[in-house]
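This report looks at how two parts of one chain meet. Please keep the sequence and the structure in view while reading.

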Amino acid sequence: MCASVGCVPREPPAAPTLRWYVFDEPSGAFAEVAQRCAQASGGAYRLEIAPLPTDADQQREQLVRRLAARDRDIDIIGMDVIWTAEFAEAGWVLPWEGAVAEQATEGRISATVQSAVYEGRLWAAPFTTNTQLLWYRTDRVETPPKTWTEMISMAEALGERGMIQAQGERYEGLTVFFTSLLASAGGAVLAPTGGLSLQEAPTREALEIMKRLAASPAAGPALSTAREDQARLGFETGKPSFMINYTFVWPSARKNAPEVAANMGWTRWPAVAEDRPRRVTIGGINLGIGAYTRYPAFAFQAAACVASADSQRLAARRGGLPPTTEALYDDPEVRRTFPFADLLRATLKDAVQRAQTPVYNDISLAISRTLHPMKDIEPGSDVDTLREAVGRALRSEGLL
Amino acid sequence: MKSWMRSESRLGWLLCAPAILTMAVVTAYPIAYAFWLSLFRYDLRFPRERTFVGLANYASVLTSEVWWRSMVNTLIITIGSVTVELVLGFALALVMHRAVFGRRTVRAAVLVPYGIITVVAALAWKFAFDPTTGFVNALLGLDQAWLTERWSAFLVIIFTEIWKTTPFMALLLLAGLTLVPDDLLRAARVDGASATQRFFKITLPLMKPAILVALLFRTLDAFRIFDTVFVQTRGAQDTETVSVVGYNTLVVRLNLGLGSAVSVLIFVSVVIIAVLFVKAFGTSVDREQGESP
């Protein structure tokens, strides 16, 4: 037909442009990764970043609004680990199966893979991870504390310089704090079946520690409004001696407060009791494929490239984001970025997941509202209050 | 009925039809749909579990502490801002009414805050009250983190509202002032009425309809306050208003059933406020007019 009309041969269809929705990473590491992957595809696709806000709640809000409206523009999603269940249950992301799934999970620390699994299927490729360590002043503390009680006593003994920086604002970080304490006490928010757990004894133990910390002079007056960044800024003033925080505080202290960084030590998160394992909440970004994408095959291919070990190394070096591939923790370049690489890997291997349920957001609200401010916690009665609030959230009942 | 009358009436309906149709599509349908949704347990995160639950969502909202607390917060903001706006607005209206020179300039200048987008105004004041970037602390010689405590956060929110919407109030009241005939005031003056007497006995009663409209508009507006709170505190420090609760339920939690119930309840509250206003003021206006010969 075309020949008979004598028309010019059509140009080959232009390579599709994939869009990767992810938080606006300040170092430009993600942009470089995207560019490299597009080049590696040999022109099969272009990969563009659609930057989202830095605040995780606002990222989710924007994505969820688009996904609920079946936006076809979303190809790859930089998913916070807490969204896996919600996005999977709602059908907003495609499951990873077969060869791509194997490629996405090969050699990864198992907790990072677990963070992308819901109901036995893989919904995202582990990309970067994160977890909290205990940071302390080596010039004031000889042997770092092993338990919370020990740390609080040590801090109190140090007097004015004994402050402990932690996260006590009414937000998701408070839920993270509670989850780590609860898991280290041997409990869990949800039973493996998905129902309410929050057993009496460990929950009470976790609440007692929170109360003890908040009531102690070591907590400082700003605990009830402190997030990760306030804790970092506080520690960088040089006054506090302890801090519970993510790894981003290390490059920050070296840049902003070298004299603090020179005396900065790191160790594992304190235990609830010495005979029980310390289990810290895992964070990070996984890569999901938007369910309404026009180019699912390319999207999986591109996401696998973005999640590859090479990209992770780049994200670690430029962006300071810890990798999910275990072997990378022996990589000299990665070890230069994270002098505490072994500690980080060990913590990640024992890491605990936040409640893996589609209503995590509601559960987190219920927990942070019940436990804020920490100094008003009544360990005796608040176990029941908490069970009641989380139970209602699980049944998606009532306002939050 | 004569045939020309029937055709006339048909023509009338035909001419009205586009307006009625538009109203039906853009207001009646969304309201009806929101009501319909509010009767379901419908959460976008569990699209398969949609079930009819009758009025259970309403029971859930109305027995919730969150709803009543946000209602109290909303009323604090509404009453706090509207009262001050009325007083300030009146003062501004009188100034604009009496302005001898530069009338136009004064009126235009007063209107500037109202012309600024609410989100922009809210952000600007948020920065102004910020302890590190703002000028308010320096100006007052204070060291106050305004948005970290409940009472001061309310103060900032109410202040922003007042700053922004007083001009609107003033404009409506100015329209009312022009309704007061000058002869009447002059006559009262001749009879020996003082300025205060003239204001309370003549100006105010004659302006009642204008005050009603101004108060009604502003109260309804203030009751639905969302942007200022969202920008300045996001509902933290227990400053959540009913609209913020609606947003959180509907948009953040994607709980369409519960969220629609909240929206419908806000709508009902607005209707109640409107009815109360018209009842309270309306009868007195009627009586006033009935007494006058």
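Predicted model: local features only at pLDDT ≥ 70, side-chain atom pairs only at ≥ 80, totals over all residues.

Of the area that domain 1 of chain A buries against domain 2 of chain A, 40% is supplied by Phe340(A), Leu343(A) and Thr347(A), which is more than any other three residues supply.

## Layout of the two domains

The domain assignment of chain A places 14-130 + 282-349 in domain 1 and 133-280 + 359-394 in domain 2. The C-alpha centres of domain 1 of chain A and domain 2 of chain A are 28 Å apart, and the contact draws on 16 residues from domain 1 of chain A and 13 residues from domain 2 of chain A.

## Polar and charged pairs

Between domain 1 of chain A and domain 2 of chain A the count of salt bridges is 0, while 1 residue pair, with both residues at pLDDT 80 or more, is found in polar contact across the interface of these domains.

## The side contributed by domain 1

On the side of domain 1 of chain A that touches domain 2 of chain A, helix 3 (56-68) and helix 16 (341-349) of chain A each supply at least two residues. Helix 16 of chain A gives the most to this side, with 4 residues. Sorted by class, the side of domain 1 of chain A that touches domain 2 of chain A comprises 9 nonpolar, 4 polar and 3 charged residues.

Key:
Residues numbered from 1 in each chain as written. Chains lettered and ligands numbered in written order. Heavy atoms only, no water. Domains from an automatic or database assignment. Contact = heavy atoms within 4.5 Å. Buried area = accessible area lost by both parts, 1.4 Å probe. Salt bridge = Lys/Arg side-chain N within 4 Å of Asp/Glu carboxyl O. Polar contact = N/O pair within 3.5 Å; in protein donor to acceptor, adjacent residues only side chain to side chain. Nonpolar A, V, L, I, M, F, W, Y, C, P; charged D, E, K, R; others polar.
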